[in-house]
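Here are some exercises to work through with the model open beside you. Try each one yourself before reading on.

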Amino acid sequence: MTTTPASAGGTPGTGRLLVRGGLVITAAEETPADVLVEDGRIAALAAHGSSAAEAWTAERVIDATGRYVIPGGVDAHTHMELPFGGTFASDDFETGTRAAAWGGTTTIVDFAVQSRGGALREGLDAWHAKAEGRCAIDYAFHMILSDVNESSLKEMDLLVDEGITSFKLFMAYPGVFYSDDGQILRAMQRGAASGGLIMMHAENGIAIDVLVEQALARGETDPRHHGEVRKVLLEAEATHRAIQLSRVAGAPLYVVHVSAEEAVAEIAAARDKGLPVFGETCPQYLFLSTDNLAEPDFEGAKYVCSTPLRPREHQAALWRGLRGNDLQVVSTDHCPFCFSGQKELGRGDFSRIPNGLPGVEHRMDLLHQAVLDGHISRRRWIEIACATPARMFGLYPRKGTIAPGADADLVIYDPAAEQTLSAATHHMNVDYSAYEGRTLTGRVETVLSRGRVVLDGREYTGSPGHGRFVPRSTCQYLD
Ligand SMILES: NC(=O)NCCC(=O)O
Ligand SMILES: [Zn+2]
Ligand SMILES: [Zn+2]
């Protein structure tokens, strides 16, 4: 084990802190080691009881005996304050990043939005203004392209240069975020040239809108019909089409919020050919299903998101995809809307229910439960939740691992603590929990963000404005 000194930087003034006695888990290894933090960075690791570790002194020593010491989570898909369906996602950057910290996530990558007819710059400036001075943890941005034209294509290059190195396109939501195949191909070509990674919402939105209209005409207005019209075949078809377009453009492709077995199969087939195609899924597709969408008295609205929740049988393919690396990342797609006053906008018309689920607080814990349930290994947990999202989006090794020189974004995790998820106890600004009453084993105990303790033995010690914008390099998962 090395004891490399930290380079200058990080968070000056946070001093020296020592995490003693824990099991350090990264994507690469599990090591019983002490971790020395200096000025906001990892300074060194050394085996418990080694002469190097015994010689260390620090202003604060955290006893991690019986605990895991893991990298802070990297959630590469959040939507704080997203405008959608005439309302806004209910977490802003202050409440959303605080909830993320409670759940052991220390970096989010949120989506700045280009409005139709607007410039990328305007959208990016607006998102900087929303986030600056408010975040408890570090943050970065992707850019949503809602209007691919000559000028926005040119702007893509400028954004890559300033650390916005990924762009989301939508094959869904005609008239809102939707891009046609020609626009998609052009954006992919531009991304291929500049290193900007294209992220795809892969659902055939044109066909879905026909089915929505027909369903409503038949009087099928309940939330469960949202799942029925957004058919598996239309996710698979769009995934296939996106892959073919990316091949034509010579561009890598990252498919977001994959929910259907058939879509995983498309990604797996592309990867079998050696193509740079990657997939992300989310906890809601792994733990929830159309049974939730069918809950009576409009309760199913709590589970309306797109791509939609699928029948439970799809979950096995998602877990298999995560184990076999056909899917690389689990992000939350955190996009909360309160049941009262927001989800209720769609009473009598499921197509008016704002799309999205809360989840930024629970990703690390749900995936730890998946370790205990035998779906993934401990190291794979850290790989899909920390290391790979950091590499995929140009944040590694500053984020996503525990190594000398990395930011001291650390989580002391109690693998034996029991907790019950509930809206009464969560920290997200939303009036329901998608996991109400679910009992999990494992809980975040203490969290460091760049060496600063932001959660201290389940007491919140963070503050808005500690979190900084992190410009990203281009995708490192292709290296
Ligand atoms: N996923 C969802 O339902 N809402 C957020 C927007 C998106 O990611 O498509
Ligand atoms: Zn999407
Ligand atoms: Zn999203």
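**Exercise 1. Find which residues surround ligand 1, and sort them by class.**

Start with the neighbours: H79, H201, H257, C305, S306, D333, C335, N355 and G356 lie around ligand 1, where near means a C-beta atom, placed from the backbone, within 6 Å. Next, sort them: the shell has 2 nonpolar, 6 polar and 1 charged residues. Here Cys counts as nonpolar, Asp as charged, and Gly among the polar ones.

A word on conventions: this is a predicted model, in which local features need pLDDT of at least 70, side-chain atom pairs count only at pLDDT 80 or more, and totals for chains, interfaces and linings use all residues. Residues are numbered from 1 along each chain as its sequence is written, while chains are lettered from A and ligands numbered from 1 in the order in which they are written.

**Exercise 2. Work out how β3 pairs with β4.**

Both are strands (DSSP runs of E, at least two residues, numbered from the N terminus). Pairing needs at least two DSSP bridges; β3 and β4 (residues 41–47) have 6, in the antiparallel sense. For one bridge, look at D34, whose partner in β4 is A46. Finally, inspect the turn: 2 residues separate the strands of this hairpin, and D39 there has a positive phi of about 50°.

**Exercise 3. Locate the stretch where pLDDT is below 50.**

First take the average: the chain's pLDDT (the predictor's confidence in each residue, from 0 to 100) averages 96. Then go to residues 1–9, where pLDDT is below 50. Where pLDDT is low, predicted coordinates should not be read in detail.

Definitions and conventions: Two residues are in contact if their C-beta atoms, placed from the backbone, lie within 7 Å. Helices (H or I, at least four residues) and strands (E, at least two) are DSSP runs, numbered from the N terminus.
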